[in-house]
Amino acid sequence: MFLNTREGLALALPAAFFSLLLFLVPVGILLSEAFQSDTGWTLSGYTDFFAKPLNQVVFFRTLKLGVLVAGTAAVIGYAAAFCIVNLGPTARGRVFGLVVLPLMISPVARTYAWIVILGRTGIVNDAIVGLGLSETPIRLLFTETAVFLGLLQLFMPLMIISLVSAMENIPRDVIPAARVLGASWLQVFVRVILPLTKEGLVIGGTLVFTGALTAYITPAILGGSKVLMLETLLYQRVNVANDFVSASVIAMILMVMSFSANLLLKRIASARR
Amino acid sequence: MRNLANWLILGLTLTFLIGPFLIIIFAGASAGQSLAFPPDGLSLKWYAKVFTVESFRASFMLSMFLAVFGTLTALILGIPAAYALNRYKLPGDETIRTIVAAPIIVPGIIVGLALLRYLVVPLDFTVTMALFMAHTALVLPYAVRVVSSSLHNLRADMEEAAVLLGCSRLQAFMKVVLPNIRGGVLAAFILGFVTSFNQVPVSLFLSGPGVRTLPIDMLAYMEITYDPSVAALSAMLAFMSLAIVFAAERLLGFSRYV
């Protein structure tokens, strides 16, 4: 540990100033824009925004999809993480590698695949028409389901990674011990696994929920203007209507939602025993 | 029985995660005119076509430039910062940490819009310049964090010994610290490169005539036509990212650092 403070600051401050001036200050000004009017400070940007039915629909849809994606990712994530932890060391490394692999691939590529799967002439529609379930192809793209699937596929690896590293820390004998003492699998999960992995769940949940809220590509490609989410709405307001007040409001909503999700999950995690 | 159920769950999960990527590879290798799976016959013509699209070439170069130089700049700023945060007792070091980490927390689309409104328009920055800064700031948190964790594992008394034996502080850093953290630096570079190259929301508003990053250009191309060339391009980009990561893993055990 060196005590020369001036030297230390000289090394650390360029990075801090870079982030501050080129990042935080512009973002701060953008966020403040909705509070300003010709006559002074105002909240009318916010009241106007929430007065419009479309904006309400988009707000609640974004919230709902975020919760659904994070929740589903948690359920599948627990099952997958449990299986991964139970594998031998070699297989565990390989499967874990396959889970991480999609994170290295461009989200555009990963989302694009769903067009091939869900499009009018896609795999699912071919199967539906081929099996005679429907005469004509069904609209699967530009639905909430499509956006949900795309987001789930995009962010589930983050949940699995968080849960695997949390589960690796569970002492090996604890689960068999609970079983021997008569706990059902449900009880084992609720009273042993869940409390011991709650930190992983908080990290994974925050990452997936925030990721789903702030994803642009997936709602843009798979939802289009039929299934707007807050990000795509923001883009539309700016590009179509030059409406920077709405953009500023949406920006604030996104940031507040991300932060409160993290706080809420932390609260829940620390409330239990 | 337990084993079977285990593999069934993993198989389904991995199919969901990896399957779409496999579909992309084959959809791009179609001999037909439109995007379909299974493809109408196999050919590499769409893979070849990608190289003839002028805008893809330009945007690929821009994305490469941003990813390489943005990440290098982030490292030049981030290594000293990580070093100072690890080795010095600084007033307000928590604040510095928070400020440097902030770009991860702020949604990218907001950053792009903010830079467009308050740097490009009033201060006459070029779009390329703003993109460069946004990508640098975006990678900075990763650079500081990854380099910090490898500095954390390096004992400080090694450089103290170097100084006692007559090195200047700078020499001690260059000769003792840097060689010992080079794995972490390379890992930070790769992580930064992949993050920057695949980044979309930040670049969404920051594009001008002829200035588009590759992912934005792909989105624009998809709006015009659904031909399989975007699938082919996506597959090639994915292979590029994977090749880089695998090479890094082989060379220095990349995953230890991330």
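**Reading helices, loops and contacts**

Mentor: A:N242 is exposed, as 8 other C-beta atoms lie within 10 Å. Please keep in mind throughout that this is a predicted model.

Trainee: Where in chain A is A:N242 found, and what is its phi?

Mentor: A:N242 sits in the loop between α11 (230–241) and α12 (244–271) of chain A. Its phi is near 55°, a positive value in a residue other than glycine.

Trainee: Which loop of chain B holds B:D124, and is B:D124 buried or exposed?

Mentor: B:D124 lies in the loop between α5 (108–123) and α6 (127–152) of chain B. It has 8 C-beta neighbours inside 10 Å and so counts as exposed. Although B:D124 is not a glycine, its phi is positive, at about 65°.

Trainee: How many helices and strands does chain A contain?

Mentor: Chain A has twelve helices and two strands. Read along the sequence, the order is α-β-β-α-α-α-α-α-α-α-α-α-α-α. The C-alpha atoms of chain A fill a box of roughly 75 × 70 × 35 Å along the principal axes. Of the 273 residues in chain A, 44% are buried.

Trainee: What do contacts tell us about residues that are apart in sequence in chain A?

Mentor: Among contacts in chain A between residues at least 6 apart in sequence, 73% join residues at least 24 apart. A separate case is a C-alpha distance: A:S44 and A:V245 are 201 residues apart along the chain, and their C-alpha atoms are separated by 9.7 Å. A:S44 belongs to helix α2 (residues 44–51) of chain A. With 12 C-beta neighbours inside 10 Å, A:S44 counts as exposed.

Trainee: How should I read the packing of α5(A) and α7(A)?

Mentor: Take the angle and then the handedness. α5(A) and α7(A) pack at about 140°, with their axes 10 Å apart. The two helices are therefore oblique to each other, and their crossing is right-handed. The residues in contact are A:P107, A:R110, A:T111, A:W114 and A:L118 of α5(A), together with A:A146, A:L149, A:G150, A:Q153 and A:L154 of α7(A). By class, this contact has six nonpolar, three polar and one charged residues.

Trainee: How many residues does each chain bring to the contact between chains A and B?

Mentor: Chain A gives 61 residues and chain B gives 66. On the side of chain A that touches chain B, the elements supplying at least two residues each are α1 (5–33), α3 (53–85), α4 (89–100), α5 (107–118), α7 (144–167), α11 and α12. The largest share of that side, 18 residues, comes from α1(A). The residues of the side of chain A divide into 50 nonpolar, nine polar and two charged.

Trainee: At what angle do α3(A) and helix α1 of chain B pack?

Mentor: α3(A) and helix α1 (residues 2–28) of chain B pack at about 125°, and their axes are 9 Å apart. They are therefore oblique to each other, and the crossing of α3(A) and α1(B) is left-handed. From α3(A) the contact uses A:I76, A:A79, A:A80 and A:C83, and from α1(B) it uses B:N6, B:I9, B:L10 and B:T13. These divide into six nonpolar, two polar and no charged residues.

Note on methods
Residues numbered from 1 in each chain as written. Chains lettered and ligands numbered in written order. Predicted model: local features only at pLDDT ≥ 70, side-chain atom pairs only at ≥ 80, totals over all residues. Helix = DSSP H or I, 4+ residues; strand = E, 2+ residues; numbered from the N terminus. Buried ≥ 20, exposed ≤ 12 C-beta atoms within 10 Å, placed from the backbone. Contact = placed C-beta atoms within 7 Å. Nonpolar A, V, L, I, M, F, W, Y, C, P; charged D, E, K, R; others polar. Axes fitted to C-alpha atoms, helices over the stretch in contact; angles between N-to-C directions. Parallel < 35°, antiparallel > 145°, perpendicular 65-115°, else oblique. Left-handed = near helix turned anticlockwise from the far one by under 90°.
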